[in-house]
Amino acid sequence: MKHLIDFCLMAKLSFSEKNIKRIAEKIKQLRIEKGYTSYENFAYENDLSRVQYWRMEKGVNFTINYLLKILEIHKMSLKEFFDE
């Protein structure tokens, strides 16, 4: 239910190319803050597809479902992610 509420808040955002790029940069920043220098190691250790995770960090083939998986790993809600 919490994700649904968060998604409703997020729905107000515009998913322009610029905003997707900012989201991708934040995903990468979160990985680095966790101490992972390699996206491949992060994806592997968190049971994520390396290709799909790389696409998310690059802002290519961006999906909400995959973003939710990444945020779950970081124990972060959509609201927390987008508040900054």
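Helix 4 spans residues 50–58, and Gln 52, Tyr 53, Met 56 and Glu 57 within it are buried. Seen down the axis of helix 4, these buried residues fall within an arc of 140°, so they line one face of the helix. An α-helix has 3.6 residues a turn, so residues three or four places apart point the same way. The model is predicted.

**Around helix 4**
- The buried residues of helix 4 are covered by parts that include helix 2 (17–33), helix 3 (39–45) and helix 5 (64–73).
- Gly 59 follows helix 4 and has a positive phi, near 75°.

**Aromatic rings**
- The protein has three aromatic pairs.
- Tyr 36 and Phe 42 have ring centres 5.1 Å apart and planes at 85°; planes over 60 degrees apart count as edge-to-face, so this pair is edge-to-face.
- Phe 42 and Tyr 53 have ring centres 5.1 Å apart and planes at 45°, so this pair is tilted.
- Phe 42 lies in helix 3 and Tyr 53 in helix 4, so the pair ties together parts that are 11 residues apart in sequence.
- Tyr 36, Phe 42 and Tyr 53 form one aromatic cluster.
- Tyr 36 and Phe 42 are buried, and Tyr 53 is buried as well.
- Elsewhere, Lys 26 lies over the face of Phe 81, at 5.0 Å from the ring centre.

**The whole protein**
- The protein contains six helices and zero strands.
- Of its 84 residues, 36% are buried.
- Among contacts between residues at least 6 apart in sequence, 53% join residues at least 24 apart.

How values were computed: Residues are numbered from 1 along each chain as its sequence is written. This is a predicted model: local features need pLDDT of at least 70, side-chain atom pairs count only at pLDDT 80 or more; totals for chains, interfaces and linings use all residues. Side-chain values use heavy atoms; hydrogens and water are left out. Buried means under 20% relative accessible area, exposed over 50%, partly exposed in between (1.4 Å probe, protein chains only). Helices (H or I, at least four residues) and strands (E, at least two) are DSSP runs, numbered from the N terminus. The arc is that of the directions from the helix axis to the C-beta atoms. Contact means heavy atoms within 4.5 Å. Rings of Phe, Tyr and Trp (its six-membered ring) pair if their centres lie within 6.5 Å; planes under 30 degrees apart count as stacked, over 60 as edge-to-face and the rest as tilted. A charge sits over a ring if NZ of Lys or CZ of Arg is within 6 Å of the ring centre and within 35 degrees of the ring normal.
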